Amino acid sequence: MTDKKTILIVDNEEPIRTLFERSFKELGYSTVCAANLEEALTILNSGHGLDGALIDLGVEREEGQHTSGITPILEGRLPYCIMSGTSYEDDKELSSKYKFFLQKPIDLNDLDNTFKDMLNK
């Protein structure tokens with residue numbers, strides 16, 4: 001990767017954020033992390049120079065927003081991928097709702113391919 005892309009990771013679980021920070025670093029990306037939507041929106045509005053985002057579906061559900069909090073703000077502004085650890089049947093419905101969707105646990109190759117595809121569009 002010639003120019004390092006920066007990814008916003010939004011997940012309410014610190015070990016998960018750390019895991020994705022390491023994974024993205026291994027893939028050649030820089031990262032910025034947020035534990036909730038408020039932090040994510042602050043980072044988005046700070047002009048941080050983000051190239052994409054990985055957002056845990058559970059973060060928005062916990063805050064009672066069911067993906068209506070950050071995803072409309074990102075539309076047309078920043079490419080994003082939703083990730084979820086819900087059951088397969090739930091994920092089938094969700095994966096058809098979002099252009100980029102990953103089901104936890106996420107394989108490093110799947111993460112790499114999804115973000116290459118997402119950021120090259």
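This is a predicted model: local features need pLDDT of at least 70, side-chain atom pairs count only at pLDDT 80 or more; totals for chains, interfaces and linings use all residues.
**View 1. The whole chain, before zooming in.**
Start with the overall layout: the protein chain holds 6 helices and 5 strands. Going along the sequence, these elements come in the order β-α-β-α-β-α-α-β-α-β-α. The chain has 121 residues, and 43% of them count as buried. Its accessible surface is about 6600 Å², with 44% of that belonging to carbon and sulfur atoms. As for contacts between residues at least 6 apart in sequence, 62% of them join residues at least 24 apart.

**View 2. Helix α1 and what sits over it.**
Helix α1 covers residues 14-26, which makes 13 residues. From its first C-alpha to its last it reaches 18 Å, close to the 18 Å expected at 1.5 Å a residue. Which residues of α1 are buried? They are Arg17, Thr18, Phe20, Ser23 and Phe24. As a reminder on helix geometry, an α-helix has 3.6 residues a turn, so residues three or four places apart point the same way. After α1 comes Gly28, with a positive phi near 95°.

Ser46 sits in the loop between α2 (37-45) and β3. What does its side chain reach? The side chain of Ser46 gets to the backbone oxygen of Ile43, at 2.7 Å.

**View 3. Lys104 and its two aspartates.**
How many salt bridges does a search of the whole structure find? The search turns up 4 of them, and this view takes in two that involve Lys104, one with Asp11 and one with Asp56.

Take Asp11 to begin with: in its salt bridge with Lys104, the closest N and O atoms are 3.2 Å apart. Asp11 belongs to the loop between β1 and α1, while Lys104 belongs to the loop between β5 (101-103) and α6, so this pair ties together parts that are 93 residues apart in sequence. The relative accessible area of Asp11 is 0%, so this residue is buried. Lys104, in contrast, is partly exposed, with a relative accessible area of 22%.

Now for Asp56: its salt bridge with Lys104 has the closest N and O atoms 2.9 Å apart. Here too the pair links distant parts of the chain, with Asp56 in strand β3 and Lys104 in the loop between β5 and α6, 48 residues apart. Asp56 has 7% relative accessibility and counts as buried. Through shared partners, the salt bridges join Asp11, Asp56 and Lys104 into one network.

**View 4. Asp56 and its surroundings.**
Which residues is Asp56 in contact with, leaving aside its neighbours within four places in sequence? The list runs Val10, Asp11, Asn12, Met83, Ser84 and Lys104. The side chains of Asp56 and Lys104 are also joined by a polar contact of 2.9 Å. At 7% relative accessibility, Asp56 falls under the 20% cut-off, so it counts as buried.

**View 5. The Lys5 and Asp3 pair.**
Another salt bridge joins Lys5 and Asp3, with the closest N and O atoms 3.7 Å apart. Are these two partners buried or partly exposed? Lys5 is partly exposed, with a relative accessible area of 22%. Asp3 also counts as partly exposed, at 44% relative accessibility.

Cys33 has 24% relative accessibility and counts as partly exposed, whereas Cys81 counts as buried, at 0%.

Definitions and conventions
Residues are numbered from 1 along each chain as its sequence is written. Side-chain values use heavy atoms; hydrogens and water are left out. Helices (H or I, at least four residues) and strands (E, at least two) are DSSP runs, numbered from the N terminus. The expected span of a helix is 1.5 Å times one less than its number of residues. Buried means under 20% relative accessible area, exposed over 50%, partly exposed in between (1.4 Å probe, protein chains only). A salt bridge is a side-chain nitrogen of Lys or Arg within 4 Å of a carboxyl oxygen of Asp or Glu. A polar contact is a pair of N or O atoms within 3.5 Å; within protein, one must be able to donate a hydrogen and the other to accept it, and residues adjacent in sequence count only if both atoms are side-chain atoms. Contact means heavy atoms within 4.5 Å. Accessible areas come from the Shrake-Rupley method with a 1.4 Å probe; for residues, only the protein chains shown count as cover.
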